[in-house]
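Morning, everyone. Please bring the model up on your screens.

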Amino acid sequence: MGALARGPWLLPLVFGALALLSLVLTPFLVYLLTVILARGLVVLGLLILWRTGLMSFGQALYFGVGAYAVGLAEKYWGLRDAFALLALALAASAAMALVLGWLLRQYRDIYFAMLSLAFSMILYGTLVKSRVLGSTDGFTVPAPHFLGWAPGPALAMHALLLLTVAAASLGSFLAARYLASPMGHLTTAIRDNEIRVEYLGYPVRRAIHVKYVFAAMLAGAGGALVALAVGHIDPDMTYWTTSGEFVFITILAGPGSVLAPFLGAAIFEAVRTYATAYAPYSWQMVLGICLLLLILFLPRGVWSLFGARRRAAP
Amino acid sequence: MLTAAAILVDGLDYAAWLFIVAVGLTLIYGVMKVVNVAHGGLYSMGAYAAAWAVGLYFDRGLAPAGSFLVLALASVAVGGVVGLALERGLLRLFYGRDDILIVLVTYAAFLILENLVLQIWGVEAYPAYQPATLLGTMTIAGLPFSTYELALVPLAAAIGAALIWILARTRIGKLVRAVIHDREMASSFGIDVGRVYTVTFVVGAVLGAFGGAVTAPIISVAPGIGVEVIVLAFAVVVIGGLGSVAGTIVGALLVGLARAAAVHLLPQVELFAIYAVMSLVLVLRPQGLFAPARQRRI
């Protein structure tokens, strides 16, 4: 929200700069930036849920649905077009969220977290034991085509990054618009006092259902893009630790802006990439300590560092 | 018939193990309303400490029967120290904050404990099979079963009975129930809520570490064991109703029998069956099977 309310120029500026930047990056950084933005999309969905006080410990479900929609469509249908694959992932995650949403929209607090966890673990349990779906090893995802254009691997990564930048900017634009809409404004009201919102005549459960499907579609798109960027999918994408990472990044980023998830994802991936390289047996410890310090000293996330400065100079 | 017996005995075994592993989680939630993700870390610390201590014990060539005592003592020591440090040093800072934030604090503690285990004990697997092989096997309905695993059933029953008795009948139990019922009211009657929290958390932590210790002889103690267990323990506890010891018994039995049935009849659905049961229970009874009714506050 903040990003649009305070400066409508911020969104195109950030993502335009990223698109330009992608032209000069090394292959590894192209890959890393793609993964960061794709995972940022998942976190953006969690942020929208968190604004209502809901935290899903199973968002990896939709991340996995998106990734497996892409992987299975390539493997069994020979579908290679990135746009079609992305659309398929969006449709699959939306359909699943629409169905599960009927149940989950009745749940709050820890029960919402636990039921989403249970659903994601059902998917994990199915994937691990099913040979058709790749079992524990998963399978490889070949590089995509773009509207009939089939570039080589390096060029395909660049194209995929541009697609991811576009998806991330569209996702955050829509999220900002959504949060500024009447349906989005209900978000905070429901968190503050759900029963009063009900008495005012607003459809609380429907508002949560809409939000849940939106968050799931963002996660599905993120999963699809990560699958294409990494070139491999496996059941760990749906395990609870993956969900935990997304929740971690949400807290790290803070609820301040629709751009915060991408910043959070960037910090997380940077820490993880370099910490696993230099301290393979203590990087989780580093992450854990960071998380504790954040919750203690920056309860509104890294993004609040920017907000505070702006508020200080009105 | 043979399969039915196998399902029943395996299911009971597994249920007993699940109960021992999960009951600390439910105790902590019941009293403190903290969903303790660090439970998985305590489990792996307990397993490592026990495996390491048992290894040392057998290297000395002491009487084999004493190894059971070593298992128990190692887990109590580790669970006590780590539990006390977590509650006093960490959780205390976050009481009164959002429930979800406290979950994340324990998640952070879990990440730290996972790496602490690697720092202390390294990345190799620790075998500690001696206590399990010591007891040999038993034949039930013509099938051999590990006596050690069967012995978990009375052990779990004893732990459950002791907890229920302490909570229902003793003075300490009354204090704890007063805190569960209304923390502020209990505090205004002069109950030291902070101390009740500390004691509860340490007991829960010791139970978590003990769960790891009794598991050490039947698995290969290797990095990552806590990650799998914590989510299983959640399933058990949520099915029974967060915070209910009796509910945890029922949750453990349901999950244990469901898994045993899946393993013997249709192995592909093993994990699926467990979480399907969890989802089904949550869908039908959102608060779990045994959770007390709660008023809706406006």
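Start with a definition: two residues are in contact if their C-beta atoms, placed from the backbone, lie within 7 Å. Now use that on Leu186(A). Leaving aside neighbours within four places in sequence, Leu186(A) is in contact with Val197(A), Tyr202(A) and Ala207(A).

Some ground rules. This is a predicted model: local features need pLDDT of at least 70, side-chain atom pairs count only at pLDDT 80 or more, and totals for chains, interfaces and linings use all residues. Residues are numbered from 1 along each chain as its sequence is written, while chains are lettered from A and ligands numbered from 1 in the order in which they are written.

Back to Leu186(A). It lies in helix H8 of chain A, residues 182–192. Helices here are DSSP runs of H or I with at least four residues, strands are runs of E with at least two, and both are numbered from the N terminus. Is Leu186(A) buried or exposed? A residue is buried if 20 or more other C-beta atoms lie within 10 Å of its own, exposed if 12 or fewer, and partly exposed in between; again, C-beta atoms are placed from the backbone. Leu186(A) has 22 other C-beta atoms within 10 Å, so it is buried. One more distance: Leu186(A) and Leu90(A) are 96 residues apart in sequence, and their C-alpha atoms are 25 Å apart in space.

Next, helix lengths in chain A. The expected span of a helix is 1.5 Å times one less than its number of residues. Take H6(A), residues 109–129. It has 21 residues and reaches 31 Å from first C-alpha to last, close to the expected 30 Å. Of those 21 residues, 16 are buried, so H6(A) is largely enclosed by the rest of the structure. Now H3(A), residues 27–50. Its 24 residues should span 34 Å, and its end C-alpha atoms are 34 Å apart, which agrees. H3(A) is mostly covered, with 19 of its 24 residues buried.

On to helix pairs. Two packed helices are described by the angle between their axes and the distance between the axes. Axes are lines fitted to C-alpha atoms, for helices over the stretch in contact, and angles run from 0 to 180 degrees between N-to-C directions. Under 35 degrees counts as roughly parallel, over 145 as roughly antiparallel, 65 to 115 as roughly perpendicular, and the rest as oblique. A crossing is left-handed if the near helix is turned anticlockwise from the far one by less than a right angle, and right-handed if clockwise. For residue classes, Ala, Val, Leu, Ile, Met, Phe, Trp, Tyr, Cys and Pro count as nonpolar, Asp, Glu, Lys and Arg as charged, and the others, Gly among them, as polar.

Pair one: H3(A) and H11(A), residues 240–253. They pack at about 70 degrees, with their axes 9 Å apart. They are therefore roughly perpendicular to each other. Their crossing is right-handed. Val42(A), Val43(A), Leu46(A), Leu47(A) and Trp50(A) of H3(A) meet Phe246(A), Val247(A), Ile249(A), Thr250(A) and Ala253(A) of H11(A). By class, that contact has 9 nonpolar, 1 polar and no charged residues.

Pair two: H4(A), residues 60–77, and H10(A), residues 204–230. Their angle is about 50 degrees and their axes are 6 Å apart. That makes them oblique. H4(A) passes H10(A) in a right-handed crossing. The contact divides into 13 nonpolar, 6 polar and no charged residues.

H1(B) passes H9(B) in a left-handed crossing. This contact has 17 nonpolar, 6 polar and no charged residues.

Lys33(B) has a positive phi of about 60 degrees although it is not a glycine. Most residues other than glycine have a negative phi. Lys33(B) has 15 C-beta neighbours inside 10 Å, so it counts as partly exposed.

Last, the interface. The contact takes 35 residues from chain B and 36 from chain A. Which helix of chain B gives the most to the side that touches chain A? H4(B), with 15 residues. The residues on that side of chain B divide into 28 nonpolar, 4 polar and 3 charged.
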